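Here are some friendly notes to read alongside the model. Take them one at a time, and keep the structure open as you go.

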Amino acid sequence: MAVQRLHKGAQVTIGPWTERGFFYDFDMPQPLTERDLPRIRKEMQRILKKNLPFLREEVPAEEARRRIQASAAGEAYKLEILESILERDPQAPITIYHIGNPGSEEHWWDLCAGPHVTATGDIAPDALDLESVAGAYWRGDEKRPMLQRIYGTAWQTKEQLEAYRRFNEEAALRDHRRLGSELDLFSISEACGGGLVFWHPKGAMVRHLIEDFWKDIHLQHGYQLLYTPHIAKVDLWKTSGHIDFYRDSMFNQMDVDAEEYQLKPMNCPFHISIYKQGYYSYRDLPIRWAELGTVYRYERSGTMHGLFRVRGFTQDDAHIFCLPTQIEGEILGVLDLTEKLLSQFGFTDFEVNLSTRPDKFVGSQDIWEQAEQALKAALQRKGWAFQEDVGGGAFYGPKIDIKISDALGRNDANMKERPIMIHRAILGSLERFMGILIENYAGAFPLWLAPVQCRLVPVSSAVADYVDRIAADLRTAGLRVEVVSGLSVGKAIRGAETDKVPVMCVIGQREASDGTVSVRTYAGGDLGPMRADDLLSRLVAANSNKSPF
């Protein structure tokens, strides 16, 4: 209402709520900028203070069409929305919501499902903010018009809005894209291709540590490791159903020797292909296979976001082939593994959803019901509270979605029978998980994950041999250490803090004579002198136990 009051000819499209606010997309006669937001917000506050009623009206489809076409701006987008509603369900109720009484000067209406508050006065004017303007294609289609998207947020009180702003300030400091550049962890080069991640040495080391931990814990839980190709013939993806259900997220095919090949968007068909190479008795089940498999999915250019949404990523995939009677126990094992794995990174607050059969699915309804009951029973045995997301399952099966909260809050009949396959990914993609970790730790990785665990700073070249012996001992013990010389002590300390190195040791002539080092930590500051062998034993213990120094 405010935008159309201030910008004649602006057309409205859609305006849904989001996790932390709302947005609305407009087709504007002139592009909006951030400078336009205060004026729009002021007009919104004026409307709120009028305490205008929200009125719901249900109308026949033809009447809704007539009103849209008769509106001053034409509202072609609203007409398209109306037609799409009727295409899905010709008998769907068509509702219009009015702000203010029809016919009055202070009146505006929109095609909307609702519901709404009773009046504009129910919204606190000083707890409302408009945050940013962005471009967005209509219907997410880059062949359609580019719209202007205004992001906003609204709270019950001014104090809540201020708390939200402080949260955003902290989130900006933890933004993994900024920290990834500052700490030299990774880069994404548009010259090489959007959504493709380049891991620099420090970021590659963190990823290597996560991968090794992932492999070790899976081997301990009875999994076997697999490696599979990056492409396969298109026929495989037709058989799996991905061409029918997932085509929009797949890259175009490539011609290889007059046959069509496809970059893999999923690892599942490859694991099934391996399973089909053998013959397994029921006595062999369950079989647990796991892979850190790199997949490729098409994302529109406007949707990619740092490590959180990319076109090539490595997924921690696993598939468990089991008997129907084993589903519940295997799911419980997956939940236990999930808790053990995520808790090592400090994530213990889980939001759990059970997503059930969607409208379009493959397989028999009996198997779906059996799988859904097994998932539910496993969650109940685990003692985790969960919500049901009716119809939210994948086309091939129901699923348990686990969101973690980070620091800012996330009998043998000798016949062939088809086993049940459980597909699970705990970390999701390594890229996205790395982005979460960077923001959760604000770039200050715990000792066991830090790319550089200890930095040694010699005060002068006179102690170089002593420093080199300490560095050699630390490296022999499997620790990641670097020596930085030629800097003043103050500059070296500031550099270690900027790089978020967990442990730093300043070593001068006194320390060399006493067999000590002067220790500082990123978390605790100056710890004073410590014997070099004590430093080694404490670092080794903290690293092996994945505990603080």
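1. The count of salt bridges comes to 34, where a salt bridge is a side-chain nitrogen of Lys or Arg within 4 Å of a carboxyl oxygen of Asp or Glu. Please keep in mind that this is a predicted model, where local features need pLDDT of at least 70, side-chain atom pairs count only at pLDDT 80 or more, and totals for chains, interfaces and linings use all residues. Residues are numbered from 1 along each chain as its sequence is written, and side-chain values use heavy atoms, leaving out hydrogens and water.

2. Start with Arg149 and Asp25, whose closest N and O atoms are 2.7 Å apart in a salt bridge. Arg149 lies in strand S8 (residues 146-154) and Asp25 in strand S3 (residues 21-27), so this pair ties together parts that are 124 residues apart in sequence. Strands are DSSP runs (E, at least two residues), and helices are too (H or I, at least four), numbered from the N terminus. Both Arg149 and Asp25 are buried (under 20% relative accessible area; exposed is over 50%, partly exposed in between, with a 1.4 Å probe and protein chains only).

3. Next, look at Asp175 and Arg177, which meet in a salt bridge at 2.7 Å, N to O. Asp175 is buried, with 17% relative accessible area, whereas Arg177 is partly exposed at 39%.

4. Which residues are linked in a network of salt bridges? They are Arg5, Glu43, Arg46 and Glu106.

5. Finally, find Glu211 in helix H7 (residues 201-220). Glu211 counts as buried because its relative accessibility is 17%.
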